[in-house]
Amino acid sequence: MMNRRVFLQQGATGAASLLLTTKSNWASAASSRVADSHIEVLFDEPLGTISPNIYGHFVENLSGVLYDGIWVGEKSPVGNIDGLRKSLIEHMRKIKASVIRFPGGCFADSYDWREGIGPADKRPRRTNFWAMGESEKAPANHRYDPNAVGTNEFVHFCKLIGAEPYLAANVRSLPASAFQQWVEYCNSPAGSTTLADARAAAGYPEPFRVKYWGVGNESWGCGGEFTPQEYAVEFRRYSTWLPTYGDNLNLIASGPNTDEWSWTREFLEELLRKGQGELHRVYGMALHHYAWNLSRGKTQEWVAGKGDAVKFEPVDWYELLREGERMEGLVNGHWQVLREFDPQHRVKLVVDEWGPWYRPGSEATPGNQLEQMPTLRDAVFSGMTLDIFNRNPEKVAMANCAQLINCLNSLYLAHQDRFVITPVGHVFELYASHQGGQSLRTVFSSPSLHYDRDGSPATFWGLRGSASLRDKNLTITTVNPSTTEPRLAEIALRGATIKEASMTFLSNADIHAHNTFDHRDAVIPQTKPLSVSQGALVVEFQPASVVALNIQLT
Ligand code: AHR
């Protein structure tokens, strides 16, 4: 039986007519329908500041992600900045991309950063971790890593966007000294070390000041097949004497797969065997959760359990959301385990891989491994997931959607000179104003939806979301998961008064809608002003929609 561990071991061989937008239609709708839902924002119940890093991304050297997706080369006719795809950089600036993880994923534990620096034409070509899963037609650089994009190019990409780099160190196949030297290469002051000189020779005299470092990736699987105890020993060793150059290094420990509570518990037990002080080594505990099993309980088999990205029935829509909805329980569950060892909650959760994972077949660029076509379903899934993170700001310090471009839950698809923003990319646009806001407890009351799950009645919540406040701007994001039913919601602010409001929404009458290179506008945000009547706001949320309400307070 194949599960994700086996798959990765094998190196992948194996809104709305948002009706109430003007005073007149508000009045007519209000007179003809009674609200079935209520959203109450509680201004005196702040939950914590939403870390901008919750809106983070993940870039692995995997198939078309890096080569074609991000890197087109300086001499390419495709618009680029120093070889990096310009349209991508521009949109990532727009969504205020906060942090980007690189170079993997499983790739990270086979990567030697030292081969990705120095003159590009002198860098070695190496067999990519994912090589054996590449199709015959794949370009050579998907199978054999040319090392054209190394630390310099990646950090430059981040700086052009205004994002923080988050580098994942190789624990499976490089010694701890290589990790220390990677930190030295990135962060030692200009002129201070031989590696700082090497960085300067590449055009970067000033330190990169990389703050976020992963110590391995999925160390329970492709990252070394460690037991949690073995990994804890490695973690101590790899994190002992890392040069800091005056800045804190935030180390992220390789964490559990989904609900493997025992990984979190046994890692911490072993780590703290040398004393409670060891906790100070850990900034975050990684958590990975992919929603992949759409079999409705029929199998746990990694291949057989998957569904198609584009061809699906409403029941598959709901099944994906159910799998994604598990995230809230995972965040709370691993948080409870952390508390057993860290009552002060110094260590936060870093959900550095999340998203749906479908079977192959829907790639915009045929043959791109793990590429899938994001639809409106994935937009709703992503909005729901970001709302979960927003509602748990004290627990989740960072999250990275897997993966940025030409891969799983991509914000973008690109091939040669073609580029398109997916519905997921548009969700990140809608949610950008949550970054750095104060999360406010918000109560959603709405009738549950009902559907048939293989002959048994099943239910799912009717309307959910999150709210945050920055100065006098309140953002409420909501997801209506029903494929058929609109929701009419009265919105009450407990502790503030609305001055004016608008809404931006993503939806489509076809739940399979998606943006392609040829039809780029099937799912794009639309913005409308909302009518506020005596301080009250009533909004209709279209079926299958993601909505951001932007409310100015008096
Ligand atoms: O995102 C694809 C792969 O999924 C990553 O390389 C790995 O960390 C995870 O299992």
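**Exercise 1.** Which residues are buried in helix H8 (residues 228-238)?

*Solution.* Start with the ground rules. This is a predicted model: local features need pLDDT of at least 70, side-chain atom pairs count only at pLDDT 80 or more, and totals for chains, interfaces and linings use all residues. Residues are numbered from 1 along each chain as its sequence is written, and side-chain values use heavy atoms, with hydrogens and water left out.

Helices (H or I, at least four residues) and strands (E, at least two) are DSSP runs, numbered from the N terminus. Buried means under 20% relative accessible area, exposed over 50%, and partly exposed in between (1.4 Å probe, protein chains only).

Now read off H8. Its buried residues are Pro228, Tyr231, Ala232, Glu234, Phe235, Arg236 and Tyr238. They pack against H6, strand S9 (212-215), strand S10 (250-253) and helix H9 (261-271); contact means heavy atoms within 4.5 Å.

**Exercise 2.** State the mean pLDDT of the protein.

*Solution.* pLDDT is the predictor's confidence in each residue, from 0 to 100. The mean is 94, and 94% of the residues reach 70 or more. Over residues 12-31 the pLDDT is below 50. Beyond near neighbours in sequence, that stretch has 50 contacts in the model.

**Exercise 3.** Describe how tryptophan 113 and tryptophan 182 are paired.

*Solution.* Take the rule first. Rings of Phe, Tyr and Trp (its six-membered ring) pair if their centres lie within 6.5 Å; planes under 30 degrees apart count as stacked, over 60 as edge-to-face and the rest as tilted. The count comes to 25 aromatic pairs.

In this pair the ring centres are 6.2 Å apart and the planes are at 5°, so the pair is stacked. Tryptophan 113 lies in the loop between strand S5 (99-102) and strand S6 (126-127), and tryptophan 182 in helix H6 (residues 176-187), so the pair ties together parts that are 69 residues apart in sequence.

Check burial. Tryptophan 113 is buried at 3% relative accessibility. Tryptophan 182 is buried, also at 3%.

**Exercise 4.** Find how the axes of helix H11 (residues 376-391) and helix H12 (residues 423-431) are placed.

*Solution.* Axes are lines fitted to C-alpha atoms, for helices over the stretch in contact, and angles run from 0 to 180 degrees between N-to-C directions. These two axes come within 8 Å and cross at roughly 35°.

List the residues that meet. H11 brings Leu376, Asp378, Ala379, Ser382, Gly383, Leu386, Asp387 and Asn390. H12 brings Pro423, Val424, Val427, Phe428 and Tyr431.

**Exercise 5.** Locate two cis peptide bonds, one at proline 103 and one at glutamine 403.

*Solution.* A cis bond joins phenylalanine 102 and proline 103, with omega about 5°. Proline 103 sits in the loop between S5 and S6. Another cis bond runs from alanine 402 to glutamine 403, with omega near -5°. Glutamine 403 is in the loop between strand S13 (396-401) and strand S14 (412-415).

**Exercise 6.** Where does asparagine 406 lie, and is it buried or exposed?

*Solution.* Asparagine 406 lies in the loop between S13 and S14. Its phi is near 55°, a positive value in a residue other than glycine. With a relative accessible area of 0%, asparagine 406 is buried.
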